[in-house]
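Please read it alongside the sequence and the structure shown below.

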Amino acid sequence: MAQTTSKAAAKAAGAPPRGRSLLSGISRLFCQLMIGLILVVVLPFAHILYMIASGAGEFGGTLAQADRLKEMYPYHFVPLCNFAAWAQSASNSYTKEYYTEQRPIVLRSAREFELHPYFAGLDASSDTWHDLIHARTRHFLAQLRESGRDDFKLEKDRCTMFSFYSRHKLPILPVHGVWRDLDQLVGAVRSGAAFANVTRWPIFWKACHLTQSSSAGTRAQHGPLDAEQLDSLVSWIRQKWEFRANDYERVWAEAGNQITQGIPPGFLLQAPMTVDRQEWRVDGRISVGLPEVRVEVVWGYAYLAVLDGTQVILRNNIVQDFSSVHTFFRSPVPVLDHWTIVEGHAECMWRVAEEAARLAGVDSIRMDIFLNRAQPSECIINENSLSSGIVYWGHEPYLTQKTAQRSVSSSGGAASEMHLERFVSASLARSEYHVS
């Protein structure tokens with residue numbers, strides 16, 4: 001009787017039945033989780049997409065925004081970029097057709113290519129582009145341990161890089177000075193001797209031993225410094241002098257960090273790119289408004305270039321533009337009248353990139369080149385990469401397929417044979433080519 005009275009009283013008071021109360025609690029919890037998901041995941045991703053799109057109107061704008069967003073959203077940025085790259089690359093059906101078209105030219109270039117012994121003997125059984133870079137980095141580490149060879153400094157030490165290109169008279173930006181002694185560098189900065197001959201600003205301080213973007217080893221100086229700015233620059237130089245690279249964003253980080261730990265610290269001071277009719281500004285480490293292409297050279301042949309991270313320039317004068325969300329899960333409409341082609345920049349960027357690769361005897365290298373819109377024939381090398389981690393928008397499997405191994409005749413002269421091993425996707429059969 002008492003229990004019946006209690007239920008009746010609860011009903012009269014308007015209390016919900018026990019089952020309905022449980023459902024209401026679950027509903028509230030679900031709503032809270034959804035709100036949390038929106039705040040923690042959806043809104044950051046939406047902000048990243050918006051900011052990336054807002055930077056697409058200027059050369060370098062996308063890359064500058066990417067640097068800023070990477071720091072702002074360290075746990076969101078890389079997964080979103082990986083998803084976007086996959087969504088836009090997966091449906092790029094033109095990559096196979098382009099590979100088939102270009103393959104005979106690559107093979108012809110490979111027959112004439114003189115591979116430096118340091119890059120020979122690579123285990124080329126990698127399935128992906130990043131796996132291949134990882135194998136190359138381990139190969140560098142093995143040679144460092146076994147024989148002390150450190151030819152990887154062609155990329156990993158900017159002082160060595162610019163010295164090499166300067167000796168071979170390749171087009172590079174002027175360098176105001178190189179320092180391998182910290183006390184001398186600090187003294188030159190405080191006295192003003194380091195930039196006494198500077199006539200154009202901004203100038204760029206670059207840590208020679210910190211070439212990875214994650215190391216933030218580049219700093220722009222926009223003009224003469226007051227005492228406070230001078231102290232800030234010296235403090236930054238001292239910090240970067242002691243810092244050692246940690247390429248944590250890459251799968252080859254462990255081996256990569258080991259080969260860079262022993263690079264002697266150093267700095268160089270670089271002049272800016274000087275062009276007519278072309279305004280640009282510095283945003284972080286990026287020169288916004290100044291077009292820079294990243295040219296991937298395979299066996300001495302420039303296979304493609306990437307402009308501002310989103311536009312792929314191909315050797316047949318077709319450009320694929322991935323800067324729009326409209327290319328998600330579909331191939332972009334080919335651009336047949338891109339300004340790099342119409343204005344005549346392609347000849348210079350292909351030629352300079354290939355010359356640099358052949359001089360170094362590197363089987364695969366990315367050359368970063370500034371374009372001069374006022375003088376298309378006067379493109380200039382910025383830097384290079386032997387471990388390129390940028391997105392090639394679906395062309396990566398076909399770049400991997402061009403990996404080769406070659407043996408050199410006992411006389412030490414011309415190549416006696418070359419084995420080009422193509423590591424192909426599911427749609428192609430594995431094969432091996434022997435070229436005399």
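In this predicted model, the charged end of arginine 373 sits over the ring of tryptophan 339, at 4.0 Å from the ring centre. The points below turn to aromatic pairs and then to a sheet with its helices.

**Aromatic pairs**

- The count of aromatic pairs comes to 18.
- One of these pairs joins tryptophan 86 and phenylalanine 329, with 5.6 Å from centre to centre and 80° between the planes, an edge-to-face geometry.
- Tryptophan 86 belongs to helix H4 (residues 77-89), while phenylalanine 329 lies in the loop between strand E10 (319-321) and helix H12 (339-342); the pair therefore ties together parts that are 243 residues apart in sequence.

**The tyrosine pair**

- The ring centres of tyrosine 99 and tyrosine 398 are 5.1 Å apart and their planes meet at 35°, so this pair is tilted.
- The pair links distant parts of the chain, as tyrosine 99 is in helix H5 (residues 94-111) and tyrosine 398 is in helix H14 (residues 396-401), 299 residues apart.
- Tyrosine 99 is buried, with a relative accessible area of 3%.
- Tyrosine 398 is likewise buried, with a relative accessible area of 7%.

**The four-stranded sheet**

- Four strands form an open sheet in the order E1-E4-E2-E3, and their pairing is antiparallel.
- Strand E1 (175-179) and strand E3 (218-221) are the edge strands, each of which pairs on one side only.
- On average, neighbouring strands of this sheet are turned by 15° against each other, with direction ignored.
- Four bridges join strand E2 (residues 203-207) to E3 in the antiparallel sense.
- Lysine 206 has threonine 218 in E3 as its bridge partner.

**Helices on the sheet**

- Helix H8 (residues 158-167) packs on the sheet and touches E1, E2, E3 and strand E4 (267-270).
- The direction of H8 makes about 50° with that of E4.
- Helix H9 (residues 182-191) lies across E1, E2 and E4, and runs at about 140° to E1.

Notes. Residues are numbered from 1 along each chain as its sequence is written. This is a predicted model: local features need pLDDT of at least 70, side-chain atom pairs count only at pLDDT 80 or more; totals for chains, interfaces and linings use all residues. Side-chain values use heavy atoms; hydrogens and water are left out. Two strands pair if DSSP finds at least two bridges between them. Helices (H or I, at least four residues) and strands (E, at least two) are DSSP runs, numbered from the N terminus. Axes are lines fitted to C-alpha atoms, for helices over the stretch in contact, and angles run from 0 to 180 degrees between N-to-C directions. Contact means heavy atoms within 4.5 Å. Rings of Phe, Tyr and Trp (its six-membered ring) pair if their centres lie within 6.5 Å; planes under 30 degrees apart count as stacked, over 60 as edge-to-face and the rest as tilted. Buried means under 20% relative accessible area, exposed over 50%, partly exposed in between (1.4 Å probe, protein chains only). A charge sits over a ring if NZ of Lys or CZ of Arg is within 6 Å of the ring centre and within 35 degrees of the ring normal.
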